[in-house]
Amino acid sequence: MLRALILFVLAVAALPGANRVGAQNAPREAGYLYLSPVPGASYVSPQTRYVLVRFNDVTPAEVTNLTTSFITVNGAGSGLHSGVTHVASDGRTVICEMGTDFSTNELVTITLNPQVGPAGTGNVGPYQYQFMTAVPIIGSLPTPLLLLPQAPALRPAQSTPKEKGPSNGPVKGPPPAAAKALAIPSLLPNGVSVPSDFPKVVITVNTNPSPGYLFLENGLDEVPPYTMMLDNHGLPIWYHRGRMYDFKIQKNGLITWCLSDATGFPAFDQNFNYLKTYLTTNGYLTDSHELKVLADGTYFMIGYQDTSVDMSQYVAGGSTNSDVRETVLQEFTPSGELIFQWRAWDNYDIRDLPSDYSTDFPHMNAIDIDEDGNLLVSTRHLSEITKINRDSGEIIWRLGGVHDSFGFVNDPLNGMSFQHSISALGNGHYMVFDDGNRRSPQVSRAVEYQLDLTNLTATLAWEFRDTPDKYTQWMGSAQRLPTGNTLIDFVLAKYPKAIEVDANGVKRFELSLVPGSDSYRAFRFAWHGVLAAPYLITEPQPDNVTLIFNKFGDTNVAFYRIYGGTSPHPARVLAESATTLKPLYSLQNGLHYFRVTAVSVNGAESPFSNEATVNVNITAPGQNMVQNGDFSAEYSSWSFSTTDSASAAWSIENGVSHFYITNGGSALSSIQLLQLSKALVQGNRYVLDFAAWSSQSRYIEAK
């Protein structure tokens with residue numbers, strides 16, 4: 001029933017992390033379980049479009065004015081914000097969606113005036129509260145993962161999967177000397193073909209590993225980017241050019257990945273047909289660390305916003321105009337309705353961050369759902385796992401960090417440091433990949449704790465530290481498999497990309513990629529999909545164009561049909577191939593277009609593959625490969641160099657290249673005339689034909 005006493009409460013903005021019990025209890029006493037934005041919130045995005053309400057003991061159906069006069073939103077500068085109010089598909093969250101932005105740095109007042117019908121049995125009353133909007137950073141752009149620039153001074157750690165710090169950048173090591181990348185396009189034993197730059201797979205341990213395929217990504221800096229599924233023999237089952245982060249199969253069967261911050265997570269069915277893209281909302285850009293989709297389609301994401309903050313109110317001598325990146329947790333219904341938002345500014349204290357990470361607040365990087373349905377979030381820069389009541393947004397417990405709810409037992413490292421992943425294993429057990437940045441000595445591990453909620457202890461139940469110890473300052477993952485084994489990614493290029501160990505810490509599988517790169521996460525999943533069309537990659541060679549095409553997952557392909565021409569969407573058949581690799585030799589030089597179909601054993605032809613273009617430049621037998629060989633274009637295509645003590649001048653006179661040598665140096669290579677980038681095909685015969693003369697005896701080497 002509607003309270004007889006009309007109670008309006010003014011909630012005043014407070015410092016984040018300060019004691020806000022009064023602000024939390026006031027809406028609860030008025031009959032509200034959850035409100036967003038929360039009373040007294042600071043730094044709320046001006047692009048906030050949703051007011052979210054949940055009642056303590058009243059159902060939304062009992063409020064008779066829900067869609068008319070229940071919610072009023074008024075900005076001190078922007079004025080009244082009209083909105084459409086409805087009940088979300090979860091049946092308990094009231095959503096008011098507004099159509100316009102707030103002004104920056106303004107006080108916003110929300111008035112809730114519910115009218116409960118006579119049949120109502122619950123208790124809810126009027127309530128009014130306020131929040132302040134933020135001043136966003138003008139011109140702030142997301143950081144693409146594919147570029148990964150050095151983090152600027154004001155943000156020691158960017159909110160990307162590459163958690164880079166100011167002095168702990170990537171540690172690169174050379175690949176094993178005996179292992180090299182494949183030099184030419186290759187047809188592998190399982191019938192899959194790969195391009196010449198596909199990484200070589202090196203397996204050093206393979207002793208009864210778990211079933212399923214390894215989901216890996218590779219490629220950074222000078223390493224060609226690929227995302228792939230590999231079997232336990234190291235053979236690719238599926239791959240794609242490009243590096244896709246957090247590549248995995250969700251609990252509802254969708255395959256998802258992320259290319260970079262703000263681009264969202266595209267989702268595909270098991271056959272890699274594109275379905276949708278998951279994005280955050282409400283003024284927050286999509287953070288690329290994590291997407292979790294439940295079996296019913298409910299999903300959880302991390303968002304971020306960059307805000308101008310006066311840090312002098314938190315830290316002595318702090319900048320009055322600091323660029324702070326805040327992260328937020330958002331929950332959506334299967335249909336995409338935002339029904340829960342949990343902000344760092346509302347729940348953490350920025351003063352708890354290490355001083356060199358004080359502008360990346362607090363770097364949420366992983367999400368999981370506990371066995372009771374409540375939320376777990378990893379906050380890297382607090383070295384904390386937080387458990388959150390999914391109904392009310394209240395903190396249930398905090399594991400690690402300065403506000404640890406527990407005491408660590410039997411853990412020689414006394415908890416985790418700058419962790420990267422969180423997994424709820426059931427029965428009070430939780431596992432993280434512990435990077436170990438802020439401990440001495442620095443060591444990374446997969447570690448499992450058992451929580452005792454009565455005695456408030458976190459007992460080390462299991463851990464894996466490799467021998468010798470490994471340390472990675474960013475990223476990483478630990479996945480408990482159905483077999484009881486654990487799959488671990490130690491990230492760095494010099495480390496294996498996937499290590500699987502059993503419950504006793506014995507390695508059952510170890511796989512490296514050469515050349516390798518730092519890798520975000522590694523997973524193992526079953527996959528049973530079939531692509532509708534082949535995936536095509538082309539590679540120009542000196543004497544041919546090689547086509548690499550695979551209809552991944554399809555075991556009923558009889559042959560492939562290759563279409564090509566000098567115009568887009570070619571419809572002329574150039575060749576057919578019983579394998580997934582085909583070199584084409586008799587092509588005229590110039591721009592060509594290609595696409596491929598697969599023909600089944602029953603004669604059915606698949607849709608076309610993606611279309612690929614190649615600028616063909618094949619050197620025919622007898623054709624001169626040397627450019628500007630008569631020096632008619634003077635110095636074009638040639639380069640001249642001297643080394644050590646050699647001294648010489650070079651000039652082109654009457655079509656002849658002259659060298660005036662004053663000191664020939666100590667070796668034949670001390671003075672060189674070069675023309676580079678001449679690709680030679682192994683097995684072919686080449687003739688080097690030249691004329692040279694000298695006014696006195698000289699040594700000359702031609703090769």
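Q: In what order do the five strands of the open sheet run, and is the pairing parallel or antiparallel?
A: The order is β11-β36-β35-β34-β33, and the pairing is antiparallel. A strand here is a DSSP run of E, at least two residues, numbered from the N terminus. This is a predicted model: local features need pLDDT of at least 70, side-chain atom pairs count only at pLDDT 80 or more, and totals for chains, interfaces and linings use all residues. Residues are numbered from 1 along each chain as its sequence is written, and side-chain values use heavy atoms, with hydrogens and water left out.

Q: What makes β11 and β33 edge strands?
A: β11 (200-206) and β33 (477-480) each have a single partner strand, so one side of each lacks a neighbour in the sheet. As for twist, the average is 15° from one strand to the next, with axes being lines fitted to C-alpha atoms and angles running from 0 to 180 degrees between N-to-C directions.

Q: How do you know that β34 and β35 pair?
A: Two strands pair if DSSP finds at least two bridges between them. Strand β34 (residues 486-489) and strand β35 (residues 498-501) are joined by three, so they qualify, and they run antiparallel. L487 stands opposite E500 in β35.

Q: Why is the contact between E290 and K248 called a salt bridge?
A: The term asks for a side-chain nitrogen of Lys or Arg within 4 Å of a carboxyl oxygen of Asp or Glu. E290 and K248 sit at 2.5 Å, N to O, so they pass. E290 is in strand β19 (residues 285-293) and K248 in strand β15 (residues 245-249), so the pair ties together parts 42 residues apart in sequence.

Q: What makes E290 and K248 buried or exposed?
A: Buried means under 20% relative accessible area, exposed over 50%, and partly exposed in between (1.4 Å probe, protein chains only). E290 has 3% and K248 has 4%, so both count as buried.

Q: What about D370 and K387: which distance makes them a salt bridge?
A: The closest N and O atoms are 2.8 Å apart. D370 is in the loop between β24 and β25 (375-379) and K387 in strand β26 (residues 384-388), so parts 17 residues apart in sequence get tied together.

Conventions: Helices (H or I, at least four residues) and strands (E, at least two) are DSSP runs, numbered from the N terminus.
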